[in-house]
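Here's a quick look at how some pieces of this fold sit against one another. Take a look at the model first, then read on.

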Amino acid sequence: MTINDIKNMKCAVTHSMKFHTDDVFSAAFLRIINPDIIIERVNKVPENFDGIIFDIGMGEFDHHQSDNEKRENGIPYASFGKLWRAFAPALYGDYVYKKIDKIFIEDLDLTDNTGAKNSLATAIDAMNPLNVSNGNEEFFEAVNFAKIILEKLIAKMKKYEVETELVKKYYEESDDKRLIILKEHLHFQDFLPETEAIYVIYPNNRGGYAAQGVPKSADTVELKKPFPKEWKEKLPDGLRFCHNSLFLIAADTYEGVLEACKEALK
């Protein structure tokens with residue numbers, strides 16, 4: 001099945017009654033691809049159904065079969081993950097596909113397959129009707145909510161992809177690879193952790209300048225070198241703020257934050 005097949009498809013089916021993040025976000029993703037697709041909620045897939053089937057029916061985009069696929073890290077796919085894997089790379093490219101699967105969809109898939117707790121899954125579950133009903137009205141309310149989240153997440157990851165390339169350029173042009181100076185606040189967490197960079201300085205959107213410690217990897221918040229812990233109690237000259245977690249400092253001037261970073265590097 002191709003993206004054009006989805007774009008030209010008239011109907012999709014999923015299970016009826018109680019809904020979860022998996023079927024809700026699957027429906028939202030299909031509606032991003034094809035805003036006109038009609039999504040029907042059924043107890044059983046109709047015979048000779050000509051459309052896409054998800055989260056029901058034991059087919060390509062279901063995950064209830066005993067031999068359900070798992071990612072390399074062991075996290076099993078749910079329907080949303082399978083749909084995303086099938087269509088997102090061609091729609092958005094490898095960076096956006098992998099990034100959103102890693103930071104967002106994996107956790108939702110794990111929740112739906114194992115019952116693990118997840119705040120977003122709890123929120124979607126709360127949208128189910130309290131009384132006994134098919135919940136169709138509430139389901140599509142949840143789908144609209146999920147569609148907004150997913151569209152904004154896709155847009156942000158597209159922006160991050162562009163920013164990551166700019167950060168690479170700043171790094172390559174830097175004289176001291178431990179201290180990277182950005183002319184704007186850019187997403188650096190995907191590239192700088194794998195380099196020599198320890199701190200990164202950028203204009204603060206609240207005024208002045210800020211600096212952050214670079215994490216040890218893109219998958220952790222643990223820093224290569226936190227700012228000195230004594231700065232929590234007494235700021236050095238030139239600084240106006242040091243975060244209690246020692247990952248962020250701010251100053252009114254570029255010189256103030258630069259000198260603080262140089263001192264922290266000693």
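## The sheet

Five strands form an open sheet in the order 4-5-6-8-7, with mixed pairing; strands here are DSSP E runs of at least two residues, helices are H or I runs of at least four, and both are numbered from the N terminus. Two strands pair if DSSP finds at least two bridges between them. Strand 4 (179-181) and strand 7 (239-242) sit at the edges with a single partner strand each, so one side of each has no neighbour in the sheet. From one strand to the next, the twist averages 20°.

This is a predicted model, where local features need pLDDT of at least 70 and side-chain atom pairs count only at pLDDT 80 or more, while totals for chains, interfaces and linings use all residues. Residues are numbered from 1 along each chain as its sequence is written, and side-chain values use heavy atoms, with hydrogens and water left out.

Strand 6 (residues 209-213) pairs with strand 8 (residues 248-251) in the antiparallel sense over 4 bridges. A211 has I249 in strand 8 as its bridge partner.

Helix 7 (residues 254-265) packs on the sheet and touches strand 4, strand 5 (199-203), strand 6, strand 7 and strand 8; contact means heavy atoms within 4.5 Å. The direction of helix 7 makes about 175° with that of strand 5 (angles run from 0 to 180 degrees between N-to-C directions, and axes are lines fitted to C-alpha atoms, for helices over the stretch in contact).

## Helix 2 against helix 6

Helix 2 (residues 21-33) packs on helix 6 (residues 136-173) at an angle of about 65°, with the axes 8 Å apart. Among the residues that meet are F25 and F29 in helix 2, and F139 and F140 in helix 6.
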